[in-house]
Amino acid sequence: MLLLRCPYCGVEADETELAPGGQAHLTRFGPGSEDTDFEGYLFMRKNPRGVHFERWRHAAGCGKWFHAARCTVTLEVFGTYSAQTTEPPDALVAKIKEKRPDWTPT
Amino acid sequence: MSQRLPTGGRLIDRSRQITFQFNEEYLKGHPGDTLASALLANDKMLVGRSFKYHRPRGVVASGAEEPNALVALGKSNRMEPNQRATTTELYDRLYARSQNHWPSLHFDIGWINNLLSRFLPAGFYYKTFMHPRPFWKHVFEPFIRQSAGLGPAPDKPDPDTYEHTYAHVDVLVVGGGVAGLTAALAAGRAGASVMLVEQSAQFGGRAVVDGDEIDGQAAGIWVKNALQELDNMPSVRVLDRTMGAGVYDHGYALAYERLTDHAPDLEAPRHRLWRVRAKRVVMASGAYERPLSFGGNDIPGVMLASAVRDYVVNYGVSPGPSTLIVTNNDSAYRTALTLLDASLDVAAVIDARETASSPLIEQVKSRGVRVDFGKAIAKAKGVNRVHSAAICAQTGDGTVLEDIPCDAIAMSGGWSPVVHLWSHCGGKLNWDEAGAFFRPDPDRPPLDQNGEGFVVPAGAAGGDLGLGVALAGAHGAGKAAASDAGAAGDAGATPEAETPAEAPLKPVWVMPENAKIKLRQKMWLDYQNDVKVSDVQLAAQEGFQSVEHTKRYTTLGMATDQGKLSNINGLAILSSALSEPIPQVGTTTFRPPFTPISMGSIAGEARGDIFQPLRRTPIHDWHAENGAHWEPVGHWRRPYCFQRPGESVEHAVAREVTNTRLKVGLLDASTLGKILVKGSDAGKFLDMMYTNMMSSLKVGRCRYGLMCSENGFLIDDGVVARLSEDTFLCHTTTGGADRIHGHMEEWLQTEWWDWKVFTVNLTEQFAQIAVVGPKARAVLEKLGGMDLSAEALPFMTWADGKIGVFDARVFRISFSGELSYEVAVPAGQGRAFWDALLEVGAGFGIMPYGTEALHIMRAEKGFIMIGDETDGTVIPQDLGLHWAISKKKDDYLGKRAQVRSHMANPDRWQLVGLETTDGTVLEDGAYAVETGVNGNGQTKVQGRVTSTYHSPTLGRGIAMGLVRHGPDRMGEVLSFTRIGGGRQEAKIVSPVFYDSEGEKQNV
C-alpha cells in the first residue's frame, strides 16, 4: 500500500486515504478541436515502465488534488507537487534524472 | 506406536490433565500440548486423509508447515475447517474432527482413488472431462465437487468478535527465535521503536529445542533474559501468537494475533489484525526442513527429523520406540542424539552421502548407532502406519538390500530459509549451491518509497543456518534497520555462539537416484495436494516448462501449503526433467498471507450495523416509527413507502400517489445534494458544469440543469437556484452529492485553478421537505408566515422567510407535476417542522409518501431519473432534452464529445413513452425485439425499457424506454421480452402521461 505525502496538508497518507486520478498534465481539447486531438485527450494514456507522473486526490483527508512522480516498476516516489501546474517542477525533474539517468522526459 | 514418554517435555504441565475430543473419542492431554502432540501421545498416528487419493496421513511436522494434520475445530457456528493440529494449542474440551473421509477415518470409500491413482495423473480432470461439453456443468463438476474440498465450511454466522489495530514503528521484527530476539535487542538498544511478533506461544525457536548455548548460557536462559530486557524497553512491543502475515508496498505489513484460540473462555476479540507501517522489516522467520522423496514417504509415521526432536523435547512424546533416520545432511544426527537421550531406540541412520565425517556424526557413531552411508530408503512400508523400510543404494534403481523394522522414520532433506515475506513485495532470491536452497539476495531487496531496501533478513531466513553466524548476522540486521530508521544509538554486543563444523550436504531430490516409475508414483512432493514426483515429471514431459504453469497443472504448492514443504523439492524435480539448472527454473510466487488468516480478522469490526455507516436524515426516526419500508439509496436509507397495518407495499404506494395527486403529500427530500458555489466566477464555472446557461439565471430564480462528463454522457441533474449575484445553490441527486462535489472540485483545482470560485457541500446542513399536491399551499399558509401566493412566489422561484416559527428557504419546484413547495430548514429543526406540517395538514388529508410514489409521479410526468433513463452511455440528446442544452455557449463539459460521429448518429435509441396494449406492466429492462437474428444467433433488438410502473393515476402500466428512431414512430406497437419467455406488446407514445400542459404545477 503506497505512501504519498500530500503537498497541501503535509500528511504522509496511506493509499486508502487517496483516490487515483490517472495520468498528469493532460491538455484539454474542447469544442472545435480535431477528432484526433480530442481522442488523444479523452482516451489515450501513457503506460510507461518506469517514471510516471500521476494525479492523486487526498480524498479522505484535505480533499486536495496533487501530482506525484513515481516509478511504476519499483514504486519509488520521486516527489509530490501542486496540481496547479502544467509541468513538473525543474528541481523534481533534475532529481529524477539523477536517479534514473536513462530517463528522458516526454 | 507413538506414545507419551515417562519423563521430559519442557512445555507441558504433567501435573494437570485436560480432556479433548477427536472424532467423538474422548482423549487426554496436558496443558502446553498442541493438538498434534496430544494426538501422538494417544497413539493417533492416522489423523486425516489426503485431498485427491484419500490416502491415510499422519503428522509430518511440528509447526506451520504441517500439510497433513488439518482438522475441523469446534462445533456448529464455531466450526472452523483446515486448522493445523501442530499449531493448535490444546485446551480443555477442545473438539476436533478429521477431514476428507467418508464414512469414517479408518474406513474410507474415497480410498478407491488411491487404487486408481495410476489413472489419475496430473491434469487428469483437464484431460478427461472435456467432452461432451454440457457434461462438465451437469455431470462431472457436481460429482467432483462432492468428493473434493478441504473440509466443509460452517453455514452459520460467526459469533466471535474481531478487530483491527494500527501500529507505526521504526522496526518490525518477524520471528521470535534467537535471531529475531537478537535483532530486536540490537534495534531496541539503538533507540528504535520496535515491534516483535512470534507466531507461536514460545520464543527461542530451534536453538532451545536443540540445546544450544549462547553467551555461555543455555539457550533457554538466554531467551528468558532477552525477553526480560525487551520488556524493560518502553519503545519495544513483543507479541506472541502473532504471525507476520504479509509485507506490502512502502513498509506496510499485516500481523495476525490470535488472542483466544488457545483459551476460548477469555473475554477478548478472537483475532486481531495489526496493520503496521514499519520503516524497516527484519525477517527472522527461520527455515523449514525439507522432506526426502522416497516411495511411501507419506505413510503415517514418516516425519521430519526436526519435528521428531520437537515432539520429544517439547512435549515428551515419541512417534515410536524405534525410529529410522534418513538424511542427506548432518542436522538429522541431532535427532539421533535426542532419541538416545530419551532412552529410545534408533534403528539406524541411513545417510545418502557416499561418506561424511563431522563431530556430530562421530558422536552418534560412538553411542553405538548403526550409520550406513550411500544408502537410501527404497520404500517405506505399512498402510495406516509405518512398520519397516526397504533399504537400497542411493545411486541405484531401488533394488532392495534389506528391510529394517521401525515404528517411525525421521527424514531430513536439508533446510530451506523461509523467504516468503522477502518475496511478498518483490525481493529477489539467489540459489545457494552449498545448502541447496534459495536465499534472499541482499542486492535485490523489496524497495520502499525512497528506493531503498526495507526488508532485512536475519538468521536462518537469510540463509545463515549455523547458530554463531546467524546471531552475528541478526545483530547486524537489527542495528542496520534501526540506523536506517534514524536510531543510531549503541546496539550493544553481538551474542556469541558456536557454529559447529558440519559435513557438506548432498542434494538428494529423488531417493534412490534412478528410481523406476513405480516408486516415483509413490514419492510425495506436496502431501496436501497429493502431488508426486511422477506428476511433475509428466507435466514437464507434456510441455509445462514454466514453473508457474507446472504449479497450476499439478497443483504443487497450492492451497494452504504455499510451497512451504514442497517448493524446493518440486523445483528440483522440474529442473532435472527440463535439464535446466534450478535457478533458471526459478520459484513460484510467494503470496500473502504466510499462513491462512481468518475471514473474521479481515473483516475486523466492519460487520452488521457498522459494516457501512448509515446516513440518517433528521426525520429518519419518524420514518422508522411509522411503517417505513426502507430502500437503500447511496449510504442513506429512504422510505420506499409507509405501510399501514394490514396493507401491502403495492397498496401503500398506490394510496400515497393518489393522496398526493388529490390532496397533499409530504416527502422527506433531505438526502438531495445541496452544493453551494460561490465567487465572482461562479456563473462562468457553472456554465462549464451544466449543459444549459446558468450565468444568465436571475437572482431569486431556479433552473433545471443537466451535467455531463467530458465524455458527453449525462451524469447528474437537478435544480440550480441563484441565491445572490455570486452565489448559486446546486441540487444534485441523492446518490450523486459527494461525487458531483468531487467532480466540481477536480475541475476547479486541476484545470481552472485561477477561477475565483469556492464550493461547499451543504447537504447535511438542511432538512428539506417537499409539500406536494393541490392543498400544499393551504397547508403551509395555515402555519403562517411568508407570502407563498402564486404572485409572490411563482413557479421556478425561491424565497427566504419564516413559515410558522421556522427559518425557511422555499423553492417552488416540482418533480411530481403538482403544486409543490420544497422547504429547506436548518437540519436541527427538520423533525419539528415535519411534525408541525403533519399536525396542520391533518385536516387537509396530508400523508407522507416514499420514493416509489415519487418515482411513479415523475414517470407519469415523463421526468427522467438519473440511473434509470441513464446508465453512463446516454447523452441528453437521447432523452429529448435539447431544450436544456445551450446553443449559445462556446463550451461546456461534454460539448465536444457530443458531436463525435457516434454521438450524433440518428440511429441512437431515443426516449419515448410506452403504453401496454392490455394495461399490464412491462418488465424493467425488457428489450424491444426486431425480426431476425444477429451474427451470434441472438434475436435483434431495437430498444429497451428504462422505467416501468403501474400508474395508480391512470390505472394502467406505463413505461419509458429508449427506442431506435422512437420519437418518429409514435403509435407503433412494439413487442417486448419477458423473463421466462413470451412477449408483451406496447405502443410508442409521448413520455408525458399526465397533465402534459403543466397546468397543475403552475398554479
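Student: What percentage of the 106 residues of chain A count as buried?

Tutor: Keep in mind that we're looking at a predicted model. A residue counts as buried if 20 or more other C-beta atoms lie within 10 Å of its own. For the 106 residues of chain A, the buried share comes to 24%.

Student: And what pattern of helices and strands does chain A follow along the sequence?

Tutor: Chain A has two helices and six strands, and its C-alpha trace spans about 40 × 35 × 25 Å along the principal axes. Reading along the sequence, you get β-β-β-α-β-β-β-α.

Student: Over to chain B, then. What percentage of its residues count as buried?

Tutor: Chain B has 25 helices and 51 strands. Its C-alpha atoms fill a box of roughly 115 × 70 × 55 Å, taken along the principal axes. Of the 1003 residues of chain B, the part that counts as buried is 52%.

Student: What average pLDDT does chain B get?

Tutor: For the complex, the predictor gives an ipTM of 0.97 and a pTM of 0.91. In chain B, 96% of the residues score at least 70. The average pLDDT of chain B is 94.

Student: Which helix of chain B gives the most to the side that touches chain A?

Tutor: There are 21 residues of chain B in contact with 21 residues of chain A. On the chain B side, one helix gives the most, with four residues, and that's α22 (residues 737–750).

Student: How many charged residues are on that side of chain B?

Tutor: Sort the side of chain B that touches chain A by class. Five residues are nonpolar and seven are polar. The charged ones number nine.

Student: Which residues of α25(B) meet α20(B)?

Tutor: From α20(B) come B:Val653, B:Glu656, B:Val657 and B:Thr660. Taken with their partners, the contact residues divide into five nonpolar, one polar and two charged. The partners in α25(B) are B:Glu852, B:Ala853, B:Ile856 and B:Met857.

Student: Is the crossing of α9(B) and α10(B) left-handed or right-handed?

Tutor: Helix α9 (residues 332–341) and helix α10 (residues 359–366) of chain B come within 9 Å, axis to axis, and cross at roughly 35°. Their contact has six nonpolar, one polar and one charged residues. The crossing of α9(B) and α10(B) is left-handed.

Student: One last residue. Is B:Asn761 buried, partly exposed or exposed?

Tutor: B:Asn761 is found in strand β40 (residues 758–761) of chain B. Buried needs 20 or more other C-beta atoms within 10 Å, and exposed means 12 or fewer. Because B:Asn761 has 19 within that distance, it counts as partly exposed.

Student: Which residues is B:Asn761 in contact with, leaving aside neighbours within four places in sequence?

Tutor: B:Gln942 is 181 residues away in sequence from B:Asn761 and 41 Å away in space, C-alpha to C-alpha. A contact needs C-beta atoms within 7 Å. Leaving those sequence neighbours aside, the contacts of B:Asn761 are B:Ile675, B:Ala737 and B:His741.

Key: Residues numbered from 1 in each chain as written. Chains lettered and ligands numbered in written order. Predicted model: local features only at pLDDT ≥ 70, side-chain atom pairs only at ≥ 80, totals over all residues. Contact = placed C-beta atoms within 7 Å. Nonpolar A, V, L, I, M, F, W, Y, C, P; charged D, E, K, R; others polar. pLDDT = per-residue confidence, 0-100. Axes fitted to C-alpha atoms, helices over the stretch in contact; angles between N-to-C directions. Left-handed = near helix turned anticlockwise from the far one by under 90°.
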